[in-house]
Amino acid sequence: MKAKQRPLSPFMIGPYYKPQMTSLMSIAHRLSGVFLSLLGAPLLLWWIMAVGAGPEAYGSLLAFFGGLLGRLLLAASMLALFYHLFNGIRHLVWDSGRALDIRSAYTAGWLVLIATVLATAVMLGRLL
Amino acid sequence: MSMTNPLARARGHGSAKEGVRHWFAQRATAVFLIFLVGWLGYAAFALADADYAAARAFMGHPFNAALLILLVITVLYHGMLGLQVVVEDYVHHPAAEITLHFLIRAGAYLGMALGVVNILIIALGA
């Protein structure tokens, strides 16, 4: 027996809705989290292990982060870290039941984006 | 009519007042991480142009070593919970899902062990 075709509500990202800040920032929160878990955390561990291993290992770590790939990875990690941090606070406020109306969601969204750009710029200005 | 004991049917199928455990652990670690990542930002800022000796001295300080151990454990646990939810949401092939859950946990616990051992080596000056 073939299942009856039931109407489904369209997925938030795709051809049915125009892009919204709320849905895009939500998926970006997940993407930045996955990026930080798979790449950011290993970089943190590499830093700790290089200091534990000795001056040579630390030297090759510094050489890597001085190169193009290293700088790109560092910049992407800082961007993902600050975005996930600030947007995570936005999510925690929502979880407490506050600021759930559309206007607050957008205001907080803009605050998160501005804070992310500022913090990333300051940090990369120091690190790169 | 089913011959199964009703209790056997109820067990192991989710919420028995444990439903919010995973959700709550994710939020609790998130709150810890606001402070720990703030501290990490300060550490990265302070150590940006540090040589090896300065970096080692910073990590070897008991207070910094303790915070770094807390950070490594909390960040990997938070990441593990997050990846787990992503796999649950998007991976619908049972064998792949179980394999990924296993790999995520193995990776997180391995990372915690590596991080803690190395920080202790640095802090104890071995």
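**A buried valine and its surroundings**

Tutor: Apart from residues up to four places away in sequence, B:V72 touches B:M112, B:G115 and B:V116, contact being defined as C-beta atoms, placed from the backbone, within 7 Å. The model is predicted, so local features need pLDDT of at least 70 and side-chain atom pairs count only at pLDDT 80 or more, while totals for chains, interfaces and linings use all residues. Residues are numbered from 1 along each chain as its sequence is written, and chains are lettered from A and ligands numbered from 1 in the order in which they are written.

B:V72 is found in helix α4 of chain B; helices here are DSSP runs of H or I with at least four residues, strands are runs of E with at least two, and both are numbered from the N terminus. B:V72 is buried because 23 other C-beta atoms lie within 10 Å. The term buried requires 20 or more other C-beta atoms within 10 Å of the residue's own, exposed means 12 or fewer, and partly exposed lies in between, with C-beta atoms placed from the backbone. The C-alpha atoms of B:V72 and B:L110 are separated by 11 Å, the two residues being 38 apart along the chain.

One of the partners of B:V72 is B:G115, located in helix α5 of chain B. B:G115 counts as buried because it has 24 C-beta neighbours inside 10 Å. When neighbours within four places in sequence are left aside, B:G115 is in contact with A:L45 and A:I48 as well as B:V72. Between B:G115 and B:F63, 52 residues apart in sequence, the C-alpha to C-alpha separation is 16 Å.

With the same exclusion of neighbours within four places in sequence, A:I48 is in contact with B:L68, B:G115, B:N118 and B:I119. In the largest nonpolar core, which has 36 residues, A:I48, A:V51 and B:L76 touch the most other members. Such a core is a set of buried Ala, Val, Leu, Ile, Met, Phe, Trp, Tyr and Cys residues joined through C-beta atoms within 7 Å. At least two residues of this core are supplied by each of α1 (21–53), α2 (55–66) and α3 (68–95) of chain A and α2 (21–46), α3 (52–60), α4 (62–90) and α5 (94–124) of chain B. The largest share, nine residues, comes from α4(B).

Between the chains, 27 residues of chain B are in contact with 22 residues of chain A. On the side of chain B that touches chain A, two or more residues are given by each of α2, α3, α4 and α5 of chain B, and α2(B) gives the largest share, eight residues. By class, this side has 19 nonpolar, six polar and two charged residues; Ala, Val, Leu, Ile, Met, Phe, Trp, Tyr, Cys and Pro count as nonpolar, Asp, Glu, Lys and Arg as charged, and the others, Gly among them, as polar.

Within chain A, α1(A) and α2(A) pack at an angle of about 145 degrees, with their axes 6 Å apart. The axes are lines fitted to C-alpha atoms, for helices over the stretch in contact, and angles run from 0 to 180 degrees between N-to-C directions. The contact is made by A:W46, A:W47, A:A50, A:V51 and A:A53 of α1(A) and by A:A57, A:Y58 and A:L61 of α2(A). These residues divide into eight nonpolar, no polar and no charged.

Helix α3(A) also has buried residues, including A:L74, A:M78 and A:F82. The buried residues of α3(A) pack against α1, α2 and α4 of chain A together with α2 of chain B.

Methods. Contact = placed C-beta atoms within 7 Å.
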